[in-house]
Amino acid sequence: MAWVSTRSSGHTPISTGNPGPTAPVINAASTPPLHTKFALEPRTLNELLELPVERLGEVDIARMNLLCASALPSTQSLNIEHALSVLDEWAGKVAFETDRHLYRVTDPRFADRYHGSEPHFRAEMLAQVLQEDLGVRYNPKAIGDFSFADLTTGFIHGIIPAPGKTTADTPGGTCASMPVLYVAVGRRLGYPLKLATTDGHIFARWDGLDHANPAWRERFNCETTNGFHRFDDDYYKTWPHKISDWEIQVKGHLLSLSPAEELAEFLATRGHHAEDVGQVGFAARCFENAYRYDSRRPCYGAWFVGAAMRSGYRPATPELAKLLAYKQRSATAARRPSIDGMPMPSEMAAAARMTIPFYPNAVSSRAGQRQYQPTILDMPQPAIPPVRPVNPHPQFDQFNPQPPFDRFRSQP
């Protein structure tokens, strides 16, 4: 006996079968209609970077990710619209399987597995269909460590098959790309999924405490790089690296990212790729743009300084110019003459003043020095004035170290 079902959306079912001898059939309407049309659909990275920051939430996260991977030597043939259509199709297949098995949330045979939670069931089913039915997998060559020189390790096009291909023909994903794809497909289903970070890792989160649907008002983390696991925040304080509460506050870890912060992550990944293939000036520009979208995270300033000092890059962002100047002075002081490896007496006072690093959003301490003011969890933070990226037309420049400075747009 065969079980046959169809879905009015026109998406082809990925499998058929009997959901269980005593299980009721759940109407497909239990999942909201697929959300595949977004209010803003920029076609180029230029258009994306021209958008007001407050409207980035109206852009598909998958589109933002793919645009940040575009217009580079290795992605000249990247078909973004095809990739997005594949995600739409995958979302339809996930919706079909989710609706078909929704009875498991309350069925005594399965309820404990899903903690009696509809959001948990939906999140796990999303991962299960993507991985088991559609073949989304971790890149075996990236296990343990990987380089961003291969752009497919950092962006979701490394998981999405090209026209006429399947996921078996793709290299696979990493922790930099798989959570993004997971969130992108989930948002097409209306799920309140977001990205969050810990040291050296990105993960997804069901963040629906204020959702309009009371049944979806839960918050939990989703680890999807290998199957599906539900870990609490404490887990990510020790994996993949141990981090302190101070680091969490300063670096913004374990917080759900805003759309602007998501874009900053993708721009930084673009910068890591440029750096790993030797285009250090280009990388500095990407890190500067990332900083302009998320200035609270010190990593963007640190990555920028490292690339700028090696390439001679000149920032147009005043805060980064100050940070770069400070680091250059520190490096110069470190190279000055010494006596038997010790600083010259005339340099001792200056060296003492440079022991605490300067950060753009620093505050004065009682000692008159500058120290970083960390982001305090659960407390309102000062509003950051809206800014535009320092260079809204990156693909108009060649993929080479330092483009002419006069082609940069200064802060309005």
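## Basis

This is a predicted model: local features need pLDDT of at least 70, side-chain atom pairs count only at pLDDT 80 or more, and totals for chains, interfaces and linings use all residues. Residues are numbered from 1 along each chain as its sequence is written, and side-chain values use heavy atoms, leaving out hydrogens and water.

## Loop backbone

Helices (H or I, at least four residues) and strands (E, at least two) are DSSP runs, numbered from the N terminus. Pro-240 sits in the loop between strand S3 (219-222) and helix H6 (245-251). The peptide bond to Pro-240 from Trp-239 is cis, with omega near 0°.

Ala-71 lies in the loop between helix H2 (61-69) and helix H3 (80-100). Ala-71 is not a glycine, yet its phi is positive, near 60°. Leu-254 also is no glycine and has a positive phi, about 65°. Leu-254 belongs to the loop between H6 and helix H7 (259-276).

Buried means under 20% relative accessible area, exposed over 50%, and partly exposed in between (1.4 Å probe, protein chains only). Ala-71 is partly exposed at 33%. Leu-254 is buried at 7%.

## Helix packing

H7 packs with helix H8 (residues 280-293) at an angle of about 170°, and their axes are 8 Å apart. Axes are lines fitted to C-alpha atoms, for helices over the stretch in contact; angles run from 0 to 180 degrees between N-to-C directions. H7 and H8 are therefore roughly antiparallel (over 145 degrees).

Contact means heavy atoms within 4.5 Å. Among the residues that meet are Leu-263 and Leu-267 in H7, and Phe-282 and Phe-287 in H8.

Notes:
Parallel < 35°, antiparallel > 145°, perpendicular 65-115°, else oblique.
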